[in-house]
Amino acid sequence: MLDEEIHSKARASAVRWARWRLGPLGFADLITRVDASVLRYGRLVTRYAVRTGTWAAEAYAGGTNTARSSRSTPPVSLDTLDLWSASPEALAEKSSHLAVCGDCHGAGAVTCPTCSGSLRASCSGCGGSGRRMSRARKSYRMVNCTECRGKGTKKCVRCTKGMVGCHTCRGSGTLRRWLKVSTVERTQVRAWPDAKAVSAHKGLLEDSKRALQWPGARALASVEHAGPLPGSALGDEARSAGFIAARSSLEPELEPLRGRILSQSLDVFEAPSATVCFEFAGRPGFIHLLGRDLRPTKARDTSAFHRRVGALMGVAMAGFFGTPFLASAFIGRHAFYAEPDQSALAMLAIFGLWPGTWWWAASALRCRRASGAKSPARWHDRIGIGLTGLCALVLAGCFLFIRPSVPELVRLTATGQLRQAELHADLLEDRGESSPEYIEARNAFVLARLQGMDNRDAVKLIRHYAGSGKGTGPLEAERVKLREAWARSALERGEEAPVEAELTALSSERAPASVMDGLRAKLEDFRIAKGKAALEKGDLAEAIQVLSRIQARTLVSERPEPLITQAHLRQEHACPARDVHCRATALHAAVAVDTGETARTALASFRGAELTRMAAATAHAAGLGASLRELRTADEDAGALLSVLGSDAELTAAKAALLGRREALLRNRFPLGEPVEVAQAQLGPSGLEMQRSDVFRVVDAPPGTLTYLFVGQGMTRGLYVTAPDHGQAGLSPAALQIAAKRFTGQEFSAKDLVHAGKGVVHVTVRLGRHTALLGWHDDTLVEAQMGRVEP
């Protein structure tokens, strides 16, 4: 009676265990046998200690440079010493001895780390560079360090003849060493016969009394001993439970000279157990239960469950990717089923295959056993195969019996069901249907479908069916009418781009020439009218742009050339009087469009007036600055005329005369002490950059210099030259000579560029007719001022 109760409880516990692991329905039918028994098991709690030894050292205080005879080797060997032979204090006293210091090798002194024995240390004031920043005369400058006098190093004050006392032995050269022993206590808990088989016993593998209070287990014996358990302390219960054979694997592995067992505690238990065996998914398995409640342990074989989960996951993934594929394949073959209300049956069958196949696979795995026999069939095992078969039959019927046809297309067109007819026509067109019955039915459907459609949508519909080129004459004629109507409506709205697009499309579709010429003539007349309206309003640019777009000038009612010429001439009158480029461009464009006398006469008159003005600029006899300004303006106008009119001998000669006059005025002149125009002419239009009203920065300065030109009352008064890194780097004398030669035509004397004094000083020198100041810092040239330079 007791065995039957254990068997029923074991089966119920196994079913609950399988349910929480997504086991199959009816798991009780898959159980093959239940083996009930009484399991004796136990645990061994071992408390042990491990000692480790290391050599400790300290400076010996017995005196400096102790004689070597007082030193000795270690009295004990750490490898062969039993660390449990005495107390740590006794071992430390026994192993105490003197040893030579390893850092100074017994000398008591080591090389100075600051100067490395060279007696010269890096200067802390300048960091070893010999230079430091100093603020003098409200500007930062680099000067020699006052601590090391610019050398970067100074005498080391921490050592004596490059040596300092050893820190490890404190100058004695000897260390006292002894053995330092540390002890660590640990606890180890081990269970037998198998940790997995007794894992349901809570607290068994913990060092607590909880294991003795676990319900469903009975304590047979409990033994505790200081040190290793002697064989005499073991009872019959421990021997019968197999402790003797398992003891070597339960105790910790300790080194003989380092570890020692402090105490051991042995507990032996007895509890009901059962092993439930089952066959499932073609594999056998088992689960071990323990205790009065027969709780599951970790001793189990669940490979059958893993195999089932893997198979069902594979079916689920296949359905996840296969269902959209089947749906797209069905809709692609039967395009008229794209409507949701019509494709509901097929879509329901496609999506029903997924759960049906999944349920079928789950039922097949449940019924399959390792021995080859099948489990008893249950009512829910037929759900999967039934649902899968029904969905497959519905889907096969949709594929086989639902097909588009020409008679159905004719019927749907006649009854006015044009949306359904379009689906049939699309599928027949994709299949390449070319029978006369289909062509007639298709053309009838397309012409009926065009009624009430938007113009653009109607053109797209015809383009879709006219691509085959088989019997599409009526469709193409209707498409030409639609395009012509769209172009005429665009002209009425005042839009040109849609008309051009329609003409391009008609040309590619090989429309009749009469239709295209009529549309083109209306478009060009519209442009003529639009250009005239723009001329009347004074919008000359718009008029020129519109009239220039006229392509077929033979179809227009009025020639556009006189209108374009008139617009260009009026544009020339609207240009500013001194904007030579604008006027020349307008007159040149007028002559290019219409070679009549009006445009040519206006261009010739404008060209003659400009040549006369250039000749007057060449003979200008006012001041140097005014003459240079006139020459520059005339030269710019000549360049603008040549860029528009191209190669012109008289304009080229006038430009050459202007350049010659400019060179004659600038000969033997230098930028400093002259009108500003001289500097601008010699340095170029981008050679000067205004910093303020009286200071210009020279953009193209000599390399390694920063050059400023000072101006007053239209004259260049002075020049300031310095290095880009003023206060940190000196000015190169060679660069200064280049700047002086370029701006004054003179060079500094060699003796002026040499200074032997100390400190900051400005030296006055002479540079031709200009007075110059050279700024020095010690023997380094830092700046130069030529002429009158105001701060």
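E279 stands opposite P284 in β12. That pairing belongs to β11 and strand β12 (residues 283-290), which run antiparallel over 8 bridges. Strands here are DSSP E runs of at least two residues, helices are H or I runs of at least four, and both are numbered from the N terminus. Two strands count as paired if DSSP finds at least two bridges between them.

Before I go on, a word on the model. It is predicted, so local features need pLDDT of at least 70, side-chain atom pairs count only at pLDDT 80 or more, and totals for chains, interfaces and linings use all residues. Residues are numbered from 1 along each chain as its sequence is written, and side-chain values use heavy atoms, with hydrogens and water left out.

Back to the turn. β11 and β12 form a hairpin with 2 residues between them. A281 sits in that turn, with a positive phi of about 55°.

Stay with β11. What else does β11 pair with? Strand β1 (residues 31-59) pairs with β11 in the antiparallel sense over 19 bridges. There, L44 has L266 of β11 as its bridge partner. Strand β10 (residues 218-226) also pairs antiparallel with β11, over 8 bridges. In that pair, H225 stands opposite Q264 of β11.

Is β11 enclosed or open? 18 of the 22 residues of β11 (residues 259-280) are buried, so the strand is largely enclosed by the rest of the structure. Buried means under 20% relative accessible area, exposed means over 50%, and partly exposed is in between, with a 1.4 Å probe and protein chains only.

Now follow β1 to another partner. β1 and strand β9 (residues 174-192) pair antiparallel over 18 bridges. A56 stands opposite W178 of β9. β9 also takes strand β2 (residues 97-100), antiparallel again, over 4 bridges. V100 faces T174 of β9 there.

A quick stop at a loop. P113 lies between β3 (109-111) and β4 (120-122). P113 has 66% relative accessibility, so it counts as exposed. Its C-alpha is 9.0 Å from that of G162, which is 49 residues apart from P113 along the chain.

Next, a helix pair. General point: two packed helices are described by the angle between their axes and the distance between the axes. Here, the axes of helix α12 (residues 473-493) and helix α14 (residues 513-537) come within 11 Å and cross at roughly 5°. Axes are lines fitted to C-alpha atoms, for helices over the stretch in contact, and angles run from 0 to 180 degrees between N-to-C directions. α12 and α14 are therefore roughly parallel to each other. The cut-offs: under 35 degrees is roughly parallel, over 145 roughly antiparallel, 65 to 115 roughly perpendicular, and the rest oblique.

Which residues meet? From α12, V480, E484, A487, R488 and L491 meet V515, L519, K522, L523 and F526 of α14. The residues of this contact divide into 7 nonpolar, no polar and 3 charged. Contact means heavy atoms within 4.5 Å. Nonpolar covers Ala, Val, Leu, Ile, Met, Phe, Trp, Tyr, Cys and Pro; charged covers Asp, Glu, Lys and Arg; the others, Gly among them, are polar.

Now the open sheet. It has 7 strands in the order β14-β15-β16-β17-β20-β19-β18, with antiparallel pairing. β14 (688-692) and β18 (760-767) are the edges, each pairing on one side only. Twist averages 20° from one strand to the next. Strand β17 (residues 715-722) pairs with strand β20 (residues 780-787) over 5 bridges. In that pair, T722 stands opposite E783 of β20. α22 packs on the sheet, touching β15 (695-698), β16 (706-712), β17, β18, β19 (770-777) and β20. The direction of α22 makes about 10° with that of β20.

L774 is buried, at 0% relative accessible area. L774 and A784 are 10 residues apart in sequence and 4.5 Å apart, C-alpha to C-alpha. Leaving out residues up to four places away in sequence, L774 touches several others, including L736, F748, V763 and L781.

Last, T744, in helix α22 (residues 733-744). Buried or exposed? T744 has 8% relative accessibility, so it counts as buried. A polar atom of the T744 side chain lies 2.5 Å from the backbone oxygen of A740. The T744 side chain also reaches the backbone nitrogen of Q746 at 3.2 Å. Not counting residues up to four places away in sequence, T744 touches F670, L672, L767, H770 and M786.

Notes. Polar contact = N/O pair within 3.5 Å; in protein donor to acceptor, adjacent residues only side chain to side chain.
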